Structure formats: structure tokens, C-alpha cells
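Subject: A structure for you to look at

Hi,

Here is the structure I promised to pass on.

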Amino acid sequence: MKSRLLARPGFPGRLFLAVLLTAAALTGASLARGDTLPAATPAAPEAAAASAPAAATTPAATPAAAPAAQATPPTPNKGDTAWMLTSTALVLLMSVPALALFYGGLVRQKNMLSVLIQVFGVFSLITVLWAVYGYSLAFTEGNSIIGGFSRLFLNGTFNAATGEYSMAATFSKNTPLYELVFVAFQSTFAAITVCLILGAIVERVKFSAVLIFAVIWFTISYLPIAHMVWFWPGPDEFTDPATVDAVTARGGLLWQWGALDFAGGTVVHINAGVAGLVGAIMLGKRVGLGRESMAPHSLTMTMIGASLLWFGWFGFNAGSAYEANGSAALAFMNTYLATACAVLSWLFGEWVMKGKPSLLGAASGAVAGLVAITPAAGNVGIPGAFAIGITAGLVCLWGVTGLKKRIKVDDSLDVFGVHAVGGITGALLTGIFNSQSLGGPGFVENWATGKVTSNPILTQLLIQAKAVGLTVVWTAVAAFIAFKIADLLVGLRVPEEEEREGLDTSSHGERAYS
């Protein structure tokens, strides 16, 4: 007898089915390759402090060491722990409520609540999936594309029998971090990335389709990209200069290439921006676009959201140093400065183009600067922050005006024009301004010896371009698959009459304002 849950189009049962199919596929893949559930080793990319850290496994999770090695293992620094817990809360603030308010203010009044619930619901959904299997696939050792299953349901992060907590590594030897702190911090990154995509498809997409898409895209795009860019064995694994190449080969593909992404230019912004463009193409334009007013209903809300995003982004970027140290300070200042530069360059560019500077332009410039400095935050010096901020404001202004007119896609809230274009700009400029000759910090060439250097600018720029290209292609294909499956299961768009009425009442039975 057919289940009543699955018999009704658009019912949450179809989302449940999508989750079950995803879990079955993941389990099958694990069994097919003989995954033996090894101890987890979450990790990060290569740079003086270049992204998410590696895990230093705990005594409970690691095979017993030789009897001679009886030294007391290092314990996390309380200052580092406090900073990372604070950073995690700051990044959560970026989604709920900052991104929700930023996006909500930009839509028409009749769709305000639909945006808020989409962000709220997707953020919660991805947080749960991250704890179930996402963290394990992104940050444990598997192959160069995807991780393993040793941390399913966060298995092994806490030993109830002994009271021991597993450890994750930072970018300094013998300087661990509680793995659960690392899990929580990275969870907020995964969740906001999927939420960013929503801005491209608002005001006409079904809520059920959003949830189904989120499950699939998170699994087949975010997790592999995060693993390829940010997974590495960690600094404590590099003990002998003679084995550096062998240890490096255990990292993610783009990390092995030497791609620099401090806090998510590729993983978060390019990944989400391109997926948003694919979604906007597949859904088609909003009813009445070009004939009816689509003006933002509350730029006040948008300004509040942008301001909270700027505030929370200090946790996003400076937190990605994983220690309360000089790298965090550099990332903090670069984030602060580049954003201000982008606000000004966007405003003056808009002033020249349109004759008037606007609040929407200032808010958009702030987000553009934040996006572009993300991959560069701890990977460039102060001169790089000036250059990246000024460039991002102007390039993203073109992205949401000239480029948008050329491609003729209804990317509702300019996710592609700001996040993809800004992310690509920042990723490429990181390859230039990481150079020590331009005031950059360089990167750690040999983790066994701690030698810091920088590549010739053209060499690093080409590495960055390869990473950008792979990310663009991967997420475009993954987004098409995810949206197509959602379309086949429940359909992507609401009926035209519901779209005209507004999704607040037609999809959720509520009104934002009386």
C-alpha cells in the first residue's frame, strides 16, 4: 500500500525520502570502498594560516602509542577555546538573523516571511545533517575528493566512559582545539553557504523544493569542495622532512595543489553563487519582472542585516585562524579595512554611473568587500586588503549591473553578481597579494621544518585560477542535479496565482505586517 506521506506532492515525506536515499547512497559508497571507520582527522588548507584545521586525534581515538611515549598530551588553550566559541556564535549570527534580514528587506512585502523561514529552516536542516554525516565526509581522511565515515553522528568526539574529548589541530604544532568546537564552527559555515543560494530563487520557489535541494546540494557539492580545499593531516603529522610529500598526499585535492582559501572564497561564496545562478536559470523569471515594481520593501531591514553581517564576519574570517594570535589579528584587520574600502568604491562608482549614491549600494558594497576578503583574510597583508576591497566594490557593482544585463537571468538578490563574482575576485587576488614581495605573509612551504615562503605571483595566480575553475564546474553540475531532483519530486515553482498573492500567505499562512 502506498504511503500517504509520499502520495501527496510537496509533502515533507518527499524530503524524508530524499534524506533516506542520500544516507543509503553514502553508506553504499562507504561499503563499496571498504571504509573501516578510521579515527577522524579534520584538517585545513595550506598557508601560514590558511583555513580549517586538521584534527589531532585523541588518546581515545588513536591506536595505543609505544610505551616509551608517555608524555602528557597538550591541552587546549583556554583563550583559543573562548575565541573559537565566540567566533562560532558570531557566524551563527550571520545567518540568523543577519542574512535573513538582509535578504528579507530586499524582497517585496508580501514575501518577507517566506525569506525568513527559508533561511531559518535551511540553516537548521544543514546543522542537523552536518552532525549526522556532513562533518565526517568533509573533515575525516578518505581520499582527495571526500572523507570517510568515522565521525557519523559525531562518533568519537567524546568518550563518556573516560570523560575525554577528542582534539582538532590548529595551525601550530602541539596546540590542539576541542574537536567539538571545530565541529560547531564549521557547521555554521556549511549552513550559511546553503542559505546564501536562496537569494537567487526567492519570491517564486516552493519551500519543499528548497529543503530537498538543500539536502542534495549540501551532500554532493558543499562537502566534497570543503574536503578538497580544507582537509589536510594537520601540522603535528609532519614530523620528518623526508615524509612531507607522503603526508601531503593525504590531504584534499585543492590543498595538495597549494590553493589558498583562508575562510571560504571557493568553498562558500563561489560554490553558493554559481549554484544560485543555476537555480535562477532553472526556475525562470519572476512573474511581472520588467513590468511590475520589484523594489525592496525595507532598505532599513537590509541595512540592519548588512551591519550584522559585517559584525559577524569577524568571527567568520578571524575565527578561521583557529587561535587567538597574530594571524587572527591580521584577518580581523583585513576584514575591517577591505569592507570599508568596498563600501566607498561601490558608492563612488554608483555615484558616477547613476548620479546618486544609495544606501542599497553601501550595503551591497559592504557584502562585496566581505566576500572578496574571505579567501584572503589571513593570506594577504594590509596592502592586499586595500587593493581587494577597492577592486571588489567596483567589480561587483559591474556584476549586478552590466554582467546581469548581459546574462539576462533573474538572480533575484544578486547572489551570483556579489558572491560568485566577489569570491572569484578575492580568490584570484589572493594569489597576487599573498606574495611576501607585496606585503603578504606567504605560506608554510614545509610543515616539518616550518619554512615560510611564497610562490612567484604568476605561479600562485594559476593555482588559484585552477581552484576557481574546478569549483565553478563542480557546483554548477551539482546544483543542476539537485534542482532537477527537487523538480521531479515536488516541482520548483509555486503556481502563478500563489506567486502573485505572495508566498507569505499562500505558502505559510502568515503576514509580516498588519
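First, some ground rules. This is a predicted model, where local features need pLDDT of at least 70 and side-chain atom pairs count only at pLDDT 80 or more, while totals for chains, interfaces and linings use all residues. Residues are numbered from 1 along each chain as its sequence is written, and side-chain values use heavy atoms, with hydrogens and water left out.

**Cavities**

A cavity here is a set of points on a 1 Å grid over the protein atoms alone where a 1.4 Å probe fits but cannot get out, and its lining residues have an atom within 4 Å of a point. Grid points are joined across faces, edges and corners, and the volume is the space filled by probe spheres set on the points. That gives 3 cavities of 30 Å³ or more.

The largest cavity holds about 80 Å³. Its lining has 13 residues, and I192, L196, L309, W313 and H419 lie nearest the centre. Helices α3 (78-106), α5 (179-197), α9 and α10 (299-318) each give at least two lining residues, with the largest share, 4 residues, coming from α3. (Helices are DSSP runs of H or I, at least four residues, and strands are runs of E, at least two, numbered from the N terminus.) What kinds of residue make up this lining? There are 11 nonpolar, 2 polar and no charged ones.

**Aromatic pairs**

Rings of Phe, Tyr and Trp (its six-membered ring) pair if their centres lie within 6.5 Å; planes under 30 degrees apart are stacked, over 60 edge-to-face, and the rest tilted. The whole structure has 29 such pairs. One of them is Y165 with Y178, edge-to-face at 5.8 Å centre to centre and 75 degrees between the planes. Y165 sits in strand β2 (residues 164-165) and Y178 in strand β4 (residues 176-178), so this pair ties together parts 13 residues apart in sequence.

Then there is F171 with W232, a stacked pair at 6.1 Å centre to centre, with 20 degrees between the planes. F171 is in the loop between β3 (167-169) and β4, W232 in the loop between α6 (207-230) and α7 (244-248), 61 residues apart. Both are buried (under 20% relative accessible area; exposed is over 50%, partly exposed in between, with a 1.4 Å probe and protein chains only).

F158, in strand β1 (residues 158-159), is partly exposed at 39% relative accessible area. Leaving aside neighbours within four places in sequence, F158 is in contact (heavy atoms within 4.5 Å) with G163, E164 and Y165.

Cheers

Notes:
On a 1 Å grid over the protein atoms alone, a cavity is a set of points where a 1.4 Å probe fits but cannot get out, and a pocket is an open set with protein on both sides within 12 Å along at least five of seven lines; lining residues have an atom within 4 Å of a point. Ala, Val, Leu, Ile, Met, Phe, Trp, Tyr, Cys and Pro count as nonpolar, Asp, Glu, Lys and Arg as charged, and the others, Gly among them, as polar.
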